[in-house]
Amino acid sequence: MKYLFNSTCRILFLSFIFIIFANINLFAAEPDRVVIIPFKMNAEKDLTFLKDGIYDMLASRLSRAGKVQVVGREETEKALKAVTGPINEETARQIGENLNADFVLFGSLTVFGNSVSIDAKMVDVSGDKQKFAFFNHSQGMDEVIPQINIIAGDINEKVFGVKSTVTTPPPASSTPAPGSQKRDIHAHPETLLKNEVTGEEPPLQGGQNSLLVKDGSTRELSTKFWKSRNFKLFLNGLALGDVDKDGKVETVVAGARSIRIYRYENRRLLKVEEINESKNLYFIGLDIADINQNGYPEIFVTSLSSGKNSVSSFVLEYNGRKYVKIVDNVPWYFRVVKMPEKRPVLLGQKNRGGGPFASGAIHEMTWENSEYLPSVQVLKSGQVSVIGAAMGDVMNSGDDLVVAYTKTDRLRIFNTGGGEEWTGSDRLGGSTLYYILPKTEPGIENREYLPMRVAICDMNKDGKNEVIAVTNHEMAGSLLKDFRKFTKTNFVSLSWDGLGLVPNWKTRTISGHIRDFAIGDFDNDGKNELVAGVIIKEGTIVFTTPKTTIIAYEIGK
């Protein structure tokens, strides 16, 4: 009887163990399901091969038997077809719910010249866990795969608790290894600001010589830069200033017929105001300064008539509640110049109907009796356009001189008496904005192109002033009188060497063209940036939409 009892107990025990092992999956946790959305490629060239490679690499690095299951790509692509608009955290979570997933990984790769930026986010579909974010900027396509490997390692460690053995690769050498070929990808400017995946822009990023090319200078230069998202706006002007006196610098941009005011906050440009104007005006210039000394900086908007054959400018000012016109419909071209250790000066030039280069004398303007009136004459009439002029100690001699563009986009220096001190031989600047002169030939529009902005400042705080100019490179064969098209652009810094203006440094060439720029504390960090509005697409063809991006270079010690 005892033997029978012991045998029965052994049988029951073995049966219990068998049941446990046979049904072990009933007690094991379900593997985490991860959806990987193929990264968005922001580049001029077709990078489908890289897009597929990134997906495959992430899928293989994250998959772990019984622990992490990556949802099949075919299933993911099918779910993506039901999504309209860009992929962001909200749409990513919706896709995750539809696919019964726990996490969704999405991101983008942006190519800007030789610079490559990778943005990635991984969100918890339930919203209970903190999101994972990754941003990296590097030089050259050779850094992409190592960085993707780091992303996968970070996710495994921070999200799934798996210790990673991936190490950060050393910075790529600027000199290619023997037998290798250094790649140079020139991206369309649309990729500069486009970050539709996350809806956020990265902080100032950069690396050694990532954006600057030195021309004989040994000065230390920072190379950090920032890029915004795209704007469906054909930007005609850009200026910086604390226009509402809240203690923070705003970025003000002018479209053809609207003024938009943005503020840099939390790594993004947030629109705080938009002012729309009459369709009878066409804006061509924008400046900010507190000329009337009432504590609120004025916004000077130089504008043409809708026919682009007369000037009708106005001035806006914040009254504590809204922006109002304090001056309207005046025939003056405006330009504010800012000189070190001096108050900003408003220069004005009265339109006489002969185009920007045949207008009246350039004067310093003062605020009197609720209007801006000419005072000291700076240059006599018919010499240059004030739109392309700046004033300051350009020769570092203690004398304030005028530097301005000629009709052929050459820089010229004038003394206080209006005499020419120097004329450059290189073509700089370049704009597609124009004034329409009376026709000289039947049926042919007679355009006179406006000059670009030029600035005098001490960017790197070494006690010596520099001239900051833009070089918009024209498409080959586009040097016709009534047609201009720019395909690439860059900034250049020049300084006086005793004989002429010579280059100090220049930014790397990018696609598109710079319409306007400003120098100031764009991101309110206590340091000045060089901020530019880059035209990606002009939108002048029927059924096309204009696209503009804003970039900020932090240049200086």
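## S305 and its contacts

S305 touches N280, Y282 and S310, leaving aside residues up to four places away in sequence; contact means heavy atoms within 4.5 Å. S305 is found in strand 14. Helices (H or I, at least four residues) and strands (E, at least two) are DSSP runs, numbered from the N terminus. S305 counts as buried because its relative accessibility is 14%. Buried means under 20% relative accessible area, exposed over 50%, and partly exposed in between, with a 1.4 Å probe and protein chains only.

## Basis of the model

This is a predicted model, in which local features need pLDDT of at least 70, side-chain atom pairs count only at pLDDT 80 or more, and totals for chains, interfaces and linings use all residues. Residues are numbered from 1 along each chain as its sequence is written, and side-chain values use heavy atoms, with hydrogens and water left out.

## The chain overall

The secondary structure of the protein chain comes to seven helices and 34 strands. Of its 557 residues, 53% count as buried. The accessible surface of the protein chain is about 26500 Å², and 51% of that belongs to carbon and sulfur atoms. These areas come from the Shrake-Rupley method with a 1.4 Å probe; for residues, only the protein chains shown count as cover.

Contacts can also be sorted by sequence separation. Among those in the protein chain between residues at least 6 apart in sequence, 53% join residues at least 24 apart.

## Positive phi in two loops

Most residues other than glycine have a negative phi. Q293 has a positive phi of about 55° and is not a glycine. Q293 sits in the loop between strand 13 (281-289) and strand 14 (298-305). With a relative accessible area of 46%, Q293 is partly exposed.

K308 also has a positive phi, near 60°, in a residue other than glycine. K308 lies in the loop between strand 14 and strand 15 (313-318). K308 is buried, with a relative accessible area of 15%.

## The hairpin of strands 15 and 16

Strand 15 and strand 16 form a hairpin with four residues between them. In the turn, G320 has a positive phi of about 100°. Five bridges join strand 15 to strand 16 (residues 323-330), and the two run antiparallel. Y318 has Y323, in strand 16, as its bridge partner. Two strands pair if DSSP finds at least two bridges between them.

Axes are lines fitted to C-alpha atoms, for helices over the stretch in contact, and angles run from 0 to 180 degrees between N-to-C directions. Strand 9 is joined to strand 10 (residues 250-254) by five bridges, and these strands run antiparallel. G241 stands opposite E250 in strand 10.

Another open sheet of four strands has the order 17-18-19-20, again with antiparallel pairing. Strand 17 (332-337) and strand 20 (371-379) are the edge strands, each pairing on one side only. Neighbouring strands of this sheet are turned by 40° against each other on average, direction ignored. Three bridges join strand 18 (residues 345-350) to strand 19 (residues 362-368), which run antiparallel. Q349 stands opposite I362 in strand 19.

## Nonpolar cores

A nonpolar core is a set of buried Ala, Val, Leu, Ile, Met, Phe, Trp, Tyr and Cys residues joined through side-chain atoms within 4.5 Å. The largest has 80 residues, of which L411, I413, I468, F491, L501, F517 and L530 touch the most other members. Residues that L411 touches include Y405, W422, L428, V454, V467, L494 and L501, not counting residues up to four places away in sequence. A second, separate core of 32 residues includes L50, I118, M122 and I151.

## Helix 4

Helix 4 (residues 73-80) has T76, A79 and L80 buried. Its buried residues fall within an arc of 100° seen down the axis, so they line one face of the helix. The arc is that of the directions from the helix axis to the C-beta atoms.

The buried residues of helix 4 pack against strand 1 (32-36) and helix 5 (89-98). The face turned away from the buried side carries the exposed residues E74 and K78.
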